[in-house]
Amino acid sequence: MQVSLSMCHSKDMKKFLLSITLFFAVMIAADFIFGKVMFYAESQSSSKNYHCMYKAEEDILVLGSSYAVRNIVPSVIEDSLGVSCYNAGEAGNGSIVAWARYNMFIKNHTPKLIIYTLTPGYDYVKSDDYSKYLNIVKPYYGHEESVADMYDDLMDWSYGLILNSNFVKFNSYGAQLIYYWISGKNKGLKGYEPLYKTLTPYEIKKKQEKESYETDFLKMNYLEMLFADATKREIPVLCCCGSGDSP
């Protein structure tokens, strides 16, 4: 009787271990396939990360926050100057995303000019949460060295462990990618993203309110590294100063 019970327990344990192994195998396979689908969706959409990483060839690179994204139109620059231009700015972001996209871009092509829109809130005002900036370039953790370095500098060391999963890298961003892919949103605008809205008097007043600021030296460090590297490569940098979503 004891031998029979022991054999049953042994079979149950083997079945349990087999189920666990099968579960993890399926999850790893699903994660791999999900990553492939998401990168394909990026390649077919207006993804700025993908463009900078794999398609960059323009002579003028625009970086910065929404001040860049909403106001600098590459087609106007191209028509006026006769040189190619790409807007790699990101609304609600500054030096952190700019440093990552700059590094992606120069691996493919060295621009002749960088236009950088400098905004206090995103370039040198103190932040408590850096994840909101890093989430934009999270899919390229493991593909672009500067992204991994920033996660090491700004986030807890354990966060890098879970970024080996494509489910974590893309999460909610994946739905946006598929939408951009299917709808063709912003495709052909070369990074420019027009803002179809009018600021209300309340919003304007809120943007003009004075606040006390503390300097964020981590943000400034990435900005300084970008300017120093551009100088080393003899790439002129034109800085435009802005204070919010519009000039």
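Mentor: A definition comes first: buried means under 20% relative accessible area, exposed over 50%, and partly exposed in between, with a 1.4 Å probe and protein chains only. This is a predicted model, in which local features need pLDDT of at least 70 and side-chain atom pairs count only at pLDDT 80 or more, while totals for chains, interfaces and linings use all residues. Residues are numbered from 1 along each chain as its sequence is written, and side-chain values use heavy atoms, with hydrogens and water left out.

Trainee: Is Ser45 buried or exposed?

Mentor: Ser45 has a relative accessible area of 7%, so it counts as buried. Ser45 lies in the loop between helix H1 (2–44) and helix H2 (48–55); helices (H or I, at least four residues) and strands (E, at least two) are DSSP runs, numbered from the N terminus.

Trainee: How far apart are Ser45 and Lys187 in space?

Mentor: Their C-alpha atoms are 6.8 Å apart, although 142 residues separate Ser45 and Lys187 in sequence.

Trainee: Turning to packing, at what angle do H5 and H12 pack?

Mentor: Helix H5 (residues 95–106) and helix H12 (residues 217–232) pack at about 30 degrees, their axes being 8 Å apart. Axes are lines fitted to C-alpha atoms, for helices over the stretch in contact, and angles run from 0 to 180 degrees between N-to-C directions.

Trainee: Which residues of H5 make the contact?

Mentor: Ser95, Ile96, Ala98, Trp99, Tyr102 and Ile106 do so on the H5 side, where contact means heavy atoms within 4.5 Å. Among their partners on H12 are Tyr222, Leu223 and Leu226.

Trainee: And where do the axes of H2 and H5 come?

Mentor: The axes of H2 and H5 come within 6 Å and cross at roughly 35 degrees. Lys48, Asn49, Cys52 and Met53 of H2 meet Arg101, Met104 and Phe105 of H5.

Trainee: Which residues touch the most other members of the largest nonpolar core?

Mentor: Leu63, Ile96, Tyr102 and Val147 do, in a core of 44 residues. A nonpolar core is a set of buried Ala, Val, Leu, Ile, Met, Phe, Trp, Tyr and Cys residues joined through side-chain atoms within 4.5 Å. H5 supplies the largest share of this core, 9 residues.

Trainee: What about the second core?

Mentor: That separate core has 7 residues, including Ile60, Ile77, Cys85 and Ile115.
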